Amino acid sequence: MKKGVNIRIIPRLDIKGPNLVKGIHLEGLRVLGKPEDFAKRYYEMGADELLYVDVVASLYNRNSLHDIISRTAKEIFIPMTVGGGIRTIDDIKSVLRAGADKVALNTAAIKNPEIIREAATIFGSSTVTIAIEAIKQPNGDYLAYTDNGREFTGVEVLDWAKKIESLGAGEILLTSIDREGTGLGFDKELTKRIAAAVSIPVVACGGPGKLEHIYEVIHESQADAVAIASMLHYDLIGQGNASAKYEGEGNTEFLKKKTGTFGKITNTNISAIKKYLFEHDIPCRYRNE
Amino acid sequence: MNKTNPRIAIIDYKLSNLFSVKHACEFVGMNAEITSSRDDVLNADGAILPGVGAFGDAMKNLENLNLVSAIKEFVKSGKPLMGICLGLQLLFSESEEFGPHKGLGIIPGKVVKFPSINSDGRVIKVPQIGWNTIHTPDSDPLKWQNTPLLGIADGEFMYFVHSYYIIPDNTRDVLTTTTYDTITYASSILHDNVIAFQFHPEKSGIEGVKIYKNWALHLKKLNNPNI
């Protein structure tokens with residue numbers, strides 16, 4: 001275990017237009033509610049950071065997150081990372097001005113890796129997160145994709161991760177598209193390979209369905225942080241206190257059923273995750289009182 | 001804008017993202033303005049020296065903006081000043097960051113870098129990024145009474161991003177200590193009207209906001225002793 005480094009639990013909020021959404025393999029997005037309501041609850045419950053991703057920004061060349069970020073930043077005082085559709089240094093500037101602390105780049109970095117160095121020089125390494133969307137190939141290699149796993153790039157993930165570090169990025173957000181939204185657990189092999197190859201923090205993303213999955217990716221794969229969506233969102237929906245409001249864009253059928261559960265995913269909350277990790281000797285921001 | 005609220009100058013020397021500091025001030029009822037004007041600083045009820053970035057660049061920018069003497073004058077006036085992160089380090093006499101640099105010299109002491117290897121010979125991750133705990137020096141439970149840390153628990157978590165730390169000459173200036181890997185260092189200081197934190201209270205959740213709230217209350221009492 002890495003001594004003294006507290007593992008971070010980061011709720012991931014996928015945004016489409018005005019709504020919080022969730023899909024499987026980043027596809028088939030269903031509307032879950034208003035992102036501000038979820039963000040506020042996670043903040044109050046002890047989230048260590050928040051991650052916002054505009055999941056359709058690349059498709060439509062739009063970034064609708066600014067308003068959501070600037071509203072959230074006025075009442076939420078933990079670090080916020082924003083990704084999706086950020087292409088240029090000016091885009092980064094405007095997201096930071098809206099109140100974000102870090103940006104996550106994927107497509108822009110793959111197309112032009114030098115933007116990593118440029119952004120790190122201007123805004124500081126700790127501001128620059130590079131998102132990798134990985135898909136396992138039949139031969140066991142992992143390749144990086146863009147646009148929610150739709151666009152093939154041919155970039156090999158391990159080499160890419162090392163390059164990201166050498167160009168001065170502060171952190172890697174590593175999403176397994178294969179596992180994303182499934183509840184089958186993180187891709188431990190993928191996370192282990194990347195975390196062992198770089199010395200910057202690696203945020204594991206995609207796949208957790210129960211508390212053991214979170215423990216394993218930290219303990220066995222050496223993830224420095226975990227980004228979690230479904231387990232947390234479905235829990236809040238189940239309580240019915242965060243999802244009452246949403247705007248009529250996208251697929252709202254799931255919400256109308258009000259079941260609050262989904263497939264292999266066991267609902268949980270941030271305090272329960274922290275308590276579980278603390279009891280399993282994983283250092284995290286948790287006070288045992 | 002509430003006219004009776006304390007007016008805070010957030011000193012902008014073009015190196016960092018100051019919006020979260022402004023939001024935190026406004027959240028606890030202070031009127032905050034991000035400014036590079038020495039008059040704005042000198043006329044404010046309280047000033048915040050924030051900062052992320054390199055020590056040398058920061059001092060150069062403060063010089064060029066004619067803010068070095070303004071900050072010194074402000075502190076001399078006795079009005080409250082809060083330093084955050086690099087803003088804490090700048091208050092000290094000198095830093096070894098990329099060669100020795102002279103700081104503001106308001107608090108005696110120096111700024112040094114985390115070693116890359118700890119006392120057991122293992123590699124330390126620098127910068128420290130993330131949550132870590134703050135403690136009262138010498139476990140003195142009364143140390144945080146009558147300070148902006150009133151009501152914060154010994155061992156509370158705060159959010160840190162830094163590669164350098166301070167070594168104050170006077171241990172009585174130390175308000176909190178923090179241990180990163182095997183290194184225990186001063187993570188906040190209180191020196192007369194100056195309070196400064198290595199961590200970011202505006203990024204440290206509800207407990208961090210409490211620090212802003214306490215500081216705001218202190219400022220309100222200075223403006224109106226009858227509160």
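Because the model is predicted, local features need pLDDT of at least 70 and side-chain atom pairs count only at pLDDT 80 or more, whereas totals for chains, interfaces and linings use all residues. Residues are numbered from 1 along each chain as its sequence is written, chains are lettered from A in the order in which they are written, and side-chain values use heavy atoms, with hydrogens and water left out.

The contact between the two chains (heavy atoms within 4.5 Å) draws on 28 residues of chain A and 25 residues of chain B. The size of an interface is often given as the accessible area lost when the parts come together. Here chain A and chain B bury about 2,400 Å² between them, with 58% of it on carbon and sulfur atoms; this buried area is the accessible area, taken with a 1.4 Å probe, that two parts lose on being put together, summed over both.

Eight residue pairs, with both residues at pLDDT 80 or more, are in polar contact across the interface of chain A and chain B. A polar contact is a pair of N or O atoms within 3.5 Å, where within protein one must be able to donate a hydrogen and the other to accept it, and residues adjacent in sequence count only if both atoms are side-chain atoms. On the side of chain A that touches chain B, helix H1 (35-44) and helix H4 (89-97) of chain A each supply at least two residues; helices here are DSSP runs of H or I with at least four residues, and strands are runs of E with at least two, numbered from the N terminus. The residues of that side of chain A divide into 11 nonpolar, three polar and 14 charged, where Ala, Val, Leu, Ile, Met, Phe, Trp, Tyr, Cys and Pro count as nonpolar, Asp, Glu, Lys and Arg as charged, and the others, Gly among them, as polar.

Between chain A and chain B there are two salt bridges, a salt bridge being a side-chain nitrogen of Lys or Arg within 4 Å of a carboxyl oxygen of Asp or Glu. Arg287(A) pairs with Glu156(B) at 3.6 Å, N to O, and Asp101(A) pairs with Lys203(B) at 2.8 Å, N to O. The latter pair runs from the loop between H4 and strand S6 (102-105) of chain A to the loop between strand S13 (194-197) and helix H6 (205-223) of chain B. Asp101(A) is buried, with a relative accessible area of 18%, and Lys203(B) is buried at 5%; buried means under 20% relative accessible area, exposed over 50% and partly exposed in between, with a 1.4 Å probe and protein chains only.

Over all chains the count comes to 24 salt bridges. Within chain A, Glu114(A) and Arg117(A) meet at 3.0 Å, N to O, and they are separated by about one helical turn because they stand three residues apart in helix H6 (residues 114-123) of chain A.

In helix H7 (residues 157-166) of chain A, Val157(A), Trp160(A), Ala161(A) and Ile164(A) are buried. They lie on the same side of H7(A) because they cover an arc of only 100° around the axis, the arc being that of the directions from the helix axis to the C-beta atoms. Glu156(A) caps the N-terminal end of H7(A), with a side-chain oxygen 3.2 Å from the backbone nitrogen of Leu158(A), and just after H7(A), Gly168(A) takes a positive phi of about 105°.
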